[in-house]
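The sequence and the coordinates are shown first.

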Amino acid sequence: MSRSYRKQPIMGIAVCSSERNDKQLWHRRWRATERMAISKLTPELLDNHITSSRFEVSNVWAMGKDGHRYSSISSQQTVATSIANKKAKNQQEILTLKNRLLHKWMGK
């Protein structure tokens, strides 16, 4: 995977790196709700069972990521340059930090 790269520069708008924990909690709640609903039904009514909606057990806006956005290569280079200029002290550090940021953002 060290040579894999992002073919489409679409990234999550996030304060977290992954929504894995949020999704695990959502699925646990959803499965528990379904189990409770099915256990209350009689065998004759199982065919008429309608599964619960994902909105009943979860709120998408409470999760870590707020969606995705397209980030072009030129905008990534601009942001990387501005961050490198703020943090680095000399020209060599600026180039190194800029390349590291671009590599990180384009990696999977």
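What percentage of the 108 residues of the chain count as buried? The share is 19%, where buried means a relative accessible area under 20%, exposed means over 50%, and partly exposed lies in between, with a 1.4 Å probe and protein chains only.

The model is predicted, and for that reason local features are required to have pLDDT of at least 70 and side-chain atom pairs count only at pLDDT 80 or more, while totals for chains, interfaces and linings use all residues. Residues are numbered from 1 along each chain as its sequence is written, and side-chain values use heavy atoms, with hydrogens and water left out.

## Overall layout

The chain holds four helices and two strands, which follow the order β-α-α-β-α-α from the N terminus. The radius of gyration is 22 Å, well over the 13 Å that the globule rule gives for 108 residues, so the chain is more spread out than a compact globule; the radius is taken over C-alpha atoms, and the rule is 2.2 Å times the number of residues to the power 0.38. Helices (H or I, at least four residues) and strands (E, at least two) are DSSP runs, numbered from the N terminus. Along its principal axes, the C-alpha trace spans about 75 × 25 × 20 Å.

Among the contacts in the chain with a separation of 6 or more, 71% are accounted for by residues 24 or more positions apart, a contact being heavy atoms within 4.5 Å.

## The nonpolar core

In soluble globular proteins, nonpolar side chains tend to be buried together. Here the largest nonpolar core has nine residues, namely Met11, Ala80, Ala84, Ala88, Ile94, Leu97, Leu101, Leu102 and Trp105. A core of this kind is a set of buried Ala, Val, Leu, Ile, Met, Phe, Trp, Tyr and Cys residues joined through side-chain atoms within 4.5 Å. Helices α3 (73–87) and α4 (91–106) each supply at least two residues of the core, and the largest share, five residues, comes from α4.

Setting aside residues up to four places away in sequence, Trp105 touches Arg6, Met11, Gln76, Val79, Ala80 and Ile83. Leu97, which is found in helix α4, is in contact with Ile83, Ala84 and Lys87 once its neighbours within four places are left aside. Ala88 sits in the loop between α3 and α4 and, beyond four places in sequence, touches Glu93 and Ile94.

## Selected residues

| Residue | Relative accessible area | Class |
|---|---|---|
| Ser52 | 13% | buried |
| Ala88 | 15% | buried |
| Leu97 | 17% | buried |
| Ser53 | 29% | partly exposed |
| His68 | 59% | exposed |

Ser52 is placed in the loop between α1 (20–40) and α2 (54–57), and its contacts beyond four places in sequence are Trp30, Thr33 and Glu34.

His68 belongs to strand β2 (residues 65–70) and, not counting residues up to four places away, touches Ile10, Met11, Gly12 and Ile13. The C-alpha atoms of His68 and Lys104 are separated by 17 Å, the two residues being 36 apart along the chain.

Leu97 and Gln76, 21 residues apart in sequence, are 13 Å apart in space, while Ala88 and Lys98, ten residues apart in sequence, are 9.5 Å apart.
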